[in-house]
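User: I would like to understand how the labels used for this structure are decided. Please show the sequence and the model, and then I will ask about some of them.

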Amino acid sequence: MASDTELWRGTDYGWWLAADTSGAVGASLIAFAVPLMMLATTGSSAAATTTESICVVVQAVLGLAGGVIQDRYDRRTLMLIWGASGVVLSAVAAAAVMLFGNASKTSGHGVNGANAPAFGGPYAHVLPIALLCIVVLFSVRDGLLENTSNAMLRGVVPDEQLPHAMALNDARDSTVTLAGGPLGGLLMTVGHAVPFLTSAVLSVLGVVSAWRIRRYWKRATVDDSGHSGNADDAADDAIDVSGAITAAPRWRDALDGMIWLLRDRFQRHLIIAATMVTGASNAFLLLTALDISQGGSQLISAGFINAASAVGMLLGALMASQLVNRVPGGVLVGVMFALLAAGFTGAALVPSMVGKAIFVACSVLALPAGNAVLGGLSNILVGKDKLGRVGAGSMVLQYGAYGVAVALAGWGMQTIGYGPTCLILATVLVAAAAYALTMRSLITLPTPDRWAEHIQRWGIAQF
């Protein structure tokens, strides 16, 4: 309880969480609505997943520049810009839906003759193009600014409280996912523009909450060369991942985080496994939502598979903060990878949607604890002034894998069917787990009080 009191009353974590949660809920609504709208207006699952893939690639590529921005400039200001731009883009999206499609019309003849959502009006054929343009703009914004709140968290919360804060964040993320799918479906039944209007309101709340953040780590002033006026930070910036003194140009700064992730054997092994998991698992969930939608079920039901994932995450998050300090980190991370592989494989093999939901829920039970371990370890390995670039590098690799997986999965669903495609995705998760579990420096990771010794023993690089 003492740690809870210190976290909530002794820091501005509450305002940070409110701002981050507002953005997360708004993004969840849009991420749910857009693929279903693309499916309904084009009649093609490949078009829906290709749209998602394009957006992910745009976000990932611009994330490299975003990492530099987040490390160079005041992160609270960037959060305010991110929220304000969300208000504008969400409002434009809502206007496009109302202008180019009959937002109140639902046809009884959707995709493949099913009772899927449909759009009417003389300009309905323009809506897919308009939506694509708008969500690409969302991706530009997110690539440059979305990771700002994650980079800022470590400057809001003391280092020793970070694993606890991350466990709370996982519980929050689970709740958002749990409510996001069904809520998005419910809002779409009221009107197709309503999810975007709701996102605009949430973005306003995010701006207000971010504005209230006062206690957080700040860089000193940044000079024309991009280095901090603080002597220690400037010295850190002048050292690349190999330890050599450089005067790296800005483009190299943008790649520093990704280079570090790929150069060190420990980080490289881990990020490869993580990209495989991110791509395959999220593609699996998206395909399942699309399959339910075009199968004639109600829109609200399309979000239930994500809700099942959120239930498992929420249950795992309730235990995560206690497990991190008592169970060796390698055990928690190993169980996380193993459960993901086993759970999604079971979900791919079971024909009933209820069975799939149960397997997916079980697959993510260890994910909050595993994330807390890896996040806490990153807290030791990465300096505060470099979190943006490392986060950007990770985002490029993982989102890139997701973009490729979604694009291929969409075409696979259209050519060989939903079931075989999901089995292929499950096989990727099994391969990721096998790859991660062969890494001795990872599976032998002890409890946090012995991490410094473990880092030195295995020669894990710091940045």
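User: In which helix is phenylalanine 196 found, and why is this residue called buried?

Analyst: Phenylalanine 196 is found in helix H8, residues 194–211; a helix here is a DSSP run of H or I with at least four residues, numbered from the N terminus. This is a predicted model, where local features need pLDDT of at least 70 and side-chain atom pairs count only at pLDDT 80 or more, while totals for chains, interfaces and linings use all residues. Residues are numbered from 1 along each chain as its sequence is written, and side-chain values use heavy atoms, leaving out hydrogens and water. Buried means under 20% relative accessible area, exposed over 50%, and partly exposed in between, with a 1.4 Å probe and protein chains only. Phenylalanine 196 has 1% relative accessibility, so it counts as buried.

User: What does phenylalanine 196 touch, apart from its neighbours within four places in sequence?

Analyst: Contact means heavy atoms within 4.5 Å. On that rule phenylalanine 196 is in contact with Ile30, Val34, Met37, Ser90, Ala93, Ala94, Val97 and Leu131, leaving aside neighbours within four places in sequence. Valine 87 is 109 residues away from phenylalanine 196 along the chain, yet their C-alpha atoms are separated by 9.3 Å.

User: What makes a group of residues a nonpolar core, and which residues touch the most other members of the largest one?

Analyst: A nonpolar core is a set of buried Ala, Val, Leu, Ile, Met, Phe, Trp, Tyr and Cys residues joined through side-chain atoms within 4.5 Å. The largest core has 87 residues, and Phe196, Phe284 and Phe337 touch the most other members. Helix H11 (residues 265–294) gives the most to this core, with 11 residues. Apart from it lies another core of 17 residues, including Ala19, Val156, Ala165 and Tyr216.

User: How do you know that the side chain of serine 139 has a polar contact with cysteine 55?

Analyst: A polar contact is a pair of N or O atoms within 3.5 Å; within protein, one must be able to donate a hydrogen and the other to accept it, and residues adjacent in sequence count only if both atoms are side-chain atoms. A polar atom of the serine 139 side chain lies 3.2 Å from the backbone oxygen of cysteine 55, so the pair is within that limit. Serine 139 sits in helix H5 (residues 127–145), and its relative accessibility of 4% puts it among the buried residues. Alanine 60, in helix H3 (residues 45–72), is 79 residues from serine 139 in sequence, but 8.5 Å away in space, C-alpha to C-alpha. Alanine 60 is also buried, at 3%.

User: Why are aspartate 12 and arginine 215 said to form a salt bridge?

Analyst: A salt bridge is a side-chain nitrogen of Lys or Arg within 4 Å of a carboxyl oxygen of Asp or Glu. The closest N and O atoms of aspartate 12 and arginine 215 are 2.8 Å apart, so the pair qualifies. The pair links distant parts of the chain, with aspartate 12 in the loop between H1 and H2 and arginine 215 in the loop between H8 and helix H9 (231–237), 203 residues apart. Aspartate 12 is buried, at 7%, whereas arginine 215 is partly exposed, at 42%.

User: What is the distance in the salt bridge of arginine 389 and aspartate 256, and which residues are in the network?

Analyst: The closest N and O atoms of arginine 389 and aspartate 256 are 3.9 Å apart, which is within the limit too. Arginine 389 is in helix H16 (residues 387–415) and aspartate 256 in helix H10 (residues 250–263), 133 residues apart. Arginine 389 is buried, at 3%, and aspartate 256 is buried, at 9%. Salt bridges that share partners join Asp71, Arg75, Asp256 and Arg389 into one network. The structure holds five salt bridges.

Conventions
Helix = DSSP H or I, 4+ residues; strand = E, 2+ residues; numbered from the N terminus.
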